[in-house]
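The entries follow the order in which I looked things up.

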Amino acid sequence: MLYNRQSLHSPFSIRDKISDLDYTLLFSILLLGIVSIFAQFSSSGGIFDYYSKSHALRFCIFFILFLGVSFVPIRFWYNTSFLFFFILLLLLLFVKFYGIQSQGSRRWVNLFVINLQPSEIMKIGIILFLSNYYHKISEGDVNKLRFLLYPVIAILAPFILVVSQPDLGTAILILLSGLVVTWLAGVRWKIFAYISLIAIVTAPVAISFLKPYQKSRILTFLNPDSDPLGAGYQIIQSKIAIGSGGLFGKGFLNGSQAYLNFLPEKHTDFIFTLFSEEFGFVGSVFMIILYFFITFRITLIGNITRSIFGKLYCYGFATAFFIYVVVNMSMVLGLLPIVGAPLPILSYGGSSMLAMMFGLGIVMSCNVYKNNAIG
């Protein structure tokens, strides 16, 4: 039995809350943040320019946010998860008609202090929504058709809105985040098999609706050498940079592919390439272990929290977090098409980091309030 609805009620002080933080997870996140600041410093050519300063400042602010969210009772996130999800849906609708447009995409809302990308926050919103939904229904009802309808609508609505921006990479990550929670909630594997079959059958039709640059990315993935100076340039340079790092790398601030500007987008989606060139295979393994360890700690918190909502959220977020890492690293290694998926916390991007730190804060809240009852 995955769930245990029994819980303990015990109000406790700020000191007790601080002592109940998972310090192993906290210091792992802090370590990842420090590494990210040095990586952005390197991507800026060894100077603190706009990107590196902005990234460092954002991490400091969002780390404080992470701690603040950790002390908010998990019951609050449960009670507001539906509202949070619908607000994000409204923001996605707003973006479609009134959002900031850049390079042919309309993805951002101007909040004056930050250009917010609601699709990034929706990665967390969909997990919260479905964790709440499956908390409320019995295990026996999970596979009934009428109880499957709401999750399908909840997953497809943001997926379609984000695809239309267009942002296929983020849309796919939202879709995967939602499917992960439904799987963990106990939806039968046969339903996922049917969904996969439908996806395969309709894939040729779906591809016809893709933008020209998206089709080009798929063709480039299949044969990068078909356009080495155009669509295939990024992935070819990425492979060269990673391979040239060797076992121990070229050293901090000594990555030739990055410093000679052969590597595009080195501060965003291709930050792992820059890190691998400078620190080699050993550094890359260290980074993979660090991400895996953070995922493992999130799963452990899911094991000890008593509510269905908390368990589903932690397991869902842990799996989704790891998927984000795998997709980004596979992308820069040429194992997946380039879809514009940032590496959590390491990549430059305010909305992406905000989403991850907020999501991790809720995980920590599950640990601090692990004995609190929910519904």
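**Surface, fold and one serine**

I began with the accessible surface of the protein, which comes to about 17400 Å², with 70% of it belonging to carbon and sulfur atoms; such areas come from the Shrake-Rupley method with a 1.4 Å probe, and for residues only the protein chains shown count as cover.

Before going further I noted that this is a predicted model, in which local features need pLDDT of at least 70 and side-chain atom pairs count only at pLDDT 80 or more, while totals for chains, interfaces and linings use all residues. Residues are numbered from 1 along each chain as its sequence is written, and side-chain values use heavy atoms, with hydrogens and water left out.

I then looked up the secondary structure, which comes to 14 helices and three strands (DSSP runs numbered from the N terminus, helices being H or I with at least four residues and strands E with at least two). The radius of gyration is 21 Å, close to the 21 Å that the globule rule gives for 375 residues, so the protein is as compact as a globular protein of that length; the radius is taken over C-alpha atoms, and the rule is 2.2 Å times the number of residues to the power 0.38. Along its principal axes the C-alpha trace spans about 60 × 50 × 40 Å.

Of the 375 residues, 51% count as buried (under 20% relative accessible area, with a 1.4 Å probe and protein chains only). Among contacts with a separation of 6 or more, 76% come from residues 24 or more positions apart, where contact means heavy atoms within 4.5 Å.

Turning to the strands, which pair if DSSP finds at least two bridges between them, I found β1 (residues 100-102) joined to β2 (residues 105-110) by three bridges in the antiparallel sense, with Gln101 opposite Arg106. These two strands form a hairpin with two residues between them, and Gln103 in the turn has a positive phi of about 55°. β2 also pairs antiparallel with β3 (residues 115-116) over two bridges, and Asn110 has Asn115 as its bridge partner.

Leaving aside neighbours within four places in sequence, I listed its contacts as Phe252, Leu253, Tyr259, Leu274 and Glu278.

How values were computed: Buried means under 20% relative accessible area, exposed over 50%, partly exposed in between (1.4 Å probe, protein chains only).
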